[in-house]
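Dear colleague,

Please find the structure below. My notes on it follow.

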Amino acid sequence: MVCSITRRASFSASYYYRLPELSQEENEARFGIQARSPGATFWLWVKIIGPVDEYGMVANLSTQVKRSLRRYILKPLDGRNLNEAWVEFAETLPTPEWISHTLWHRLKPHLNVASIVVSPHEEVRAEYLGNGMEARLTIRTHFSAAHRLSLPQLTLTQNSEIYGKCSRPSGHGHNYNLAITVQGEIDPKSGMVVDFKALSDLIENGIIEELDHRFLNTDIPYFDKVVPTAENIAIYIRDSLEIPIKKLGASLYKVELHETDNNSCEVYGNSVIDSQTGLQNLGQLTQGSMSTPAPVSNSHPASV
Ligand SMILES: [Zn+2]
């Protein structure tokens with residue numbers, strides 16, 4: 001029986017994004033305050049995979065896992081400047097993607113690591129799964145919008161039977177939490193799978209600005225004929241972002257939309273679905289993502 005377990009840990013460190021061929025002014029224009037020397041508490045989720053042993057464990061959390069994390073990750077990095085702490089971060093900027101890649105390779109000789117998630121703050125997380133230079137980057141954001149769920153060919157009574165209170169004619173609103181995950185190759189110099197500022201601007205200008213503080217049914221032409229359920233909103237967001245993200249050099253992996261704390265949906269990029277052989281595999285994908293720690297609507301551990 002193969003199983004996976006996840007251990008959360010954190011360290012605090014300073015870091016900077018500065019390319020030596022650029023002046024400080026140019027670095028700040030490209031990387032913002034990260035060209036100075038900000039600090040962050042980096043939260044890690046380390047997933048370990050393996051058979052369940054005679055003691056009922058994949059790995060002993062209180063001895064093997066905690067000790068390995070402390071010895072090989074936390075002690076060398078906690079309270080340090082990342083760029084100066086390890087050679088990996090001197091050669092490549094210590095972005096979340098590159099940190100997750102580096103920690104995976106540092107830990108792999110000691111633990112059967114499947115993936116490492118790194119989050120320097122609640123809006124950003126990166127995940128590395130051991131595939132060459134490939135990594136995933138997630139940006140979390142939010143928007144507020146109103147909608148009404150109904151089909152025009154049905155009566156109010158019929159719509160009410162299908163959509164409940166959500167079919168009431170005047171509509172209602174939600175504060176939507178949105179997580180966009182892209183996948184790409186880590187640039188060996190910048191440490192990024194995609195230009196972070198370009199991706200942030202794309203999400204902000206390409207979708208948030210359009211949807212925020214709107215009545216979706218009437219303000220967004222797409223929802224003239226499509227019911228703006230969370231599923232359809234997520235599909236609309238995916239279809240709006242997929243090509244622009246491709247132009248930035250990455251691919252859209254997943255859109256995760258939380259309508260309330262209780263209701264959420266996920267849709268995968270077409271390239272992800274195309275690489276699968278059918279619904280069964282998509283089901284496996286969904287199960288995998290459900291086991292990913294700290295879903296989008298949850299508080300970041302730093303704020304707990
Ligand atoms: Zn609703």
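What spacing do the donors of the zinc ion follow along the chain? They follow H-x24-H-x1-H. This is a predicted model, in which local features need pLDDT of at least 70 and side-chain atom pairs count only at pLDDT 80 or more, while totals for chains, interfaces and linings use all residues. Residues are numbered from 1 along each chain as its sequence is written, and side-chain values use heavy atoms, with hydrogens and water left out.

Zinc site

The protein donors are His147, His172 and His174, each through NE2, lying 2.0 Å from the zinc ion. Donors here are N, O and S atoms within 2.8 Å of the metal (3.2 Å for Na, K and Ca); water is not among the atoms, so the site may look incomplete. His147 lies in strand β5 (residues 134-147) and His174 in strand β6 (residues 172-185), so this pair ties together parts that are 27 residues apart in sequence. Helices (H or I, at least four residues) and strands (E, at least two) are DSSP runs, numbered from the N terminus. His147 is buried at 1% relative accessible area, and His174 is buried at 15%. Buried means under 20% relative accessible area, exposed over 50%, and partly exposed in between (1.4 Å probe, protein chains only).

Salt bridges

The whole structure has 8 salt bridges, a salt bridge being a side-chain nitrogen of Lys or Arg within 4 Å of a carboxyl oxygen of Asp or Glu. One of them joins Lys189 and Glu21 at 2.6 Å, N to O. Lys189 lies in the loop between β6 and α7 (196-211) and Glu21 in the loop between β1 (2-14) and α1 (24-31), so the pair ties together parts 168 residues apart in sequence. Lys189 is partly exposed at 44%, as is Glu21 at 45%.

Asp201 and Lys197 form another salt bridge, at 3.0 Å, N to O. The two are 4 residues apart in helix α7, so about one helical turn separates them. Asp201 has a relative accessible area of 32% and Lys197 one of 45%.

A further salt bridge links Lys254 and Glu266 at 3.8 Å, N to O. Lys254 is in strand β8 (residues 251-258) and Glu266 in strand β9 (residues 264-268), so parts 12 residues apart in sequence are tied together. Lys254 is buried at 9%, whereas Glu266 is partly exposed at 26%. Through shared partners, salt bridges join Lys254, Glu256 and Glu266 into one network.

Regards
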